Amino acid sequence: MNSNPLEKCINCGAGLEVKSNTILHCPYCRSFYREDGSQLDPAQFRARSNTSNQNPITDFRTGPHTPVKKSGKSNPVLVGCLILVITFIIMIIAASQHESVTDSASYLDSLKKDTTKTDTGTSAQSNDLKKDSTATGDNPANSAVLKQLASIDIDAPTFKKLYAKARKKYDKFSGNTYIHDKSSPQYVNYNGIYAYIAQNGSDFSLRFSIQYAADDWLFIKKVTFNADGENYTYTPDFKTDNGDGGIWEWCDDEVYGTDIAMLADIANAKKAQARYDGDKYYKVVNITPMQRAALKKQLQIYKGLLLGYNKTK
């Protein structure tokens, strides 16, 4: 350098540092100077530094640094540890998958067992339903009717005989076949107490008819039955007609619920009567043994139809 080198930065007044043999550097404002005191542009300094083989790579913002040389060799101990760790992880995953598969298989087996049990139970229940369905004429709702007819005994052979002997009449307008006992009256202007069946395909209904024929009107409002001392009240709607000097009053209704049990009690009774209560007068009539027997046969046929005996060979 000159005998009187530049000691302070012209720009900021800070002390200068020797950057190289011919370059001075201000560490505060980062100005560069030649040894003769003239200021050097930073770009020119970088250009000069990049062409020099004696100094390392220099960036005036971050300072000098040396590139890191990547080694091609690996640490055998580290690699061995890494392999052991990976192998251990793979073993854990494999064991976990095996346990999951085993659990899945066990679960599937249990499902199969449960399904088998359920299917068996369902089959048994289905068979029971089939039995019940057959026993109630393919209609479980008929079970309530059968309870009302518990006192009426019937089997398939007896049903077939009674059904074959019954009087049947087909009505082409309604599609019904009416099943009567042969002793029941065929016209409404005759006295009678009887039941009959209306059959339409697989549907059956039990009907009950009361007929009163006389010379004078009663205008019947209700009927009280007495079967072996037990009274039953029956209140159907009576129709009236007259001709040839006589009158007749009659009712013809489908029977439901406890009225079916009432008919069964009358049919099984040793003695039964009916009292017709009219507007002003009443009339007591006996229910004859023939009428009770006919009533019982109709109830047997009706129960046999509900039990499906008409479908058995």
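## Salt bridges

Asp277 pairs up with Arg275 in a salt bridge, their closest N and O atoms sitting 2.7 Å apart; the term covers a side-chain nitrogen of Lys or Arg within 4 Å of a carboxyl oxygen of Asp or Glu. This is a predicted model, where local features need pLDDT of at least 70, side-chain atom pairs count only at pLDDT 80 or more, and totals for chains, interfaces and linings use all residues. Residues are numbered from 1 along each chain as its sequence is written, and side-chain values use heavy atoms, with hydrogens and water left out.

Asp277 is buried at 13% relative accessible area, while Arg275 comes out partly exposed at 35%. Buried here is under 20% relative accessible area, exposed is over 50%, and partly exposed is in between (1.4 Å probe, protein chains only). The count comes to 4 salt bridges.

## Links across the chain

Asp181 forms a salt bridge with Lys297, with 3.2 Å between the closest N and O atoms. That pair ties together distant parts of the chain, 116 residues apart: Asp181 is in the loop between β8 (176-180) and β9 (192-200), and Lys297 is in helix α6 (residues 289-306). Helices (H or I, at least four residues) and strands (E, at least two) are DSSP runs, numbered from the N terminus. Asp181 is buried at 9%, and Lys297 is partly exposed at 31%.

Then there's Asp252 with Arg207, at 3.1 Å between the closest N and O atoms of the salt bridge. Asp252 is partly exposed, at 26%.

## Two loop aspartates

Asp228 has a positive phi, near 55 degrees, despite not being glycine. Asp228 sits in the loop between β11 (222-227) and β12 (230-234) and is partly exposed at 48%.

Asp244 also has phi near 55 degrees, again a positive value in a residue other than glycine. Its loop runs between β13 (239-243) and β14 (246-254), and Asp244 is exposed at 87%.

## Cysteines

How many disulfides does a search of the whole structure find? It finds 0, taking a disulfide as a pair of cysteine sulfur atoms within 2.5 Å. Cys9 is buried, with a relative accessible area of 4%, and Cys251 is buried too, at 1%.
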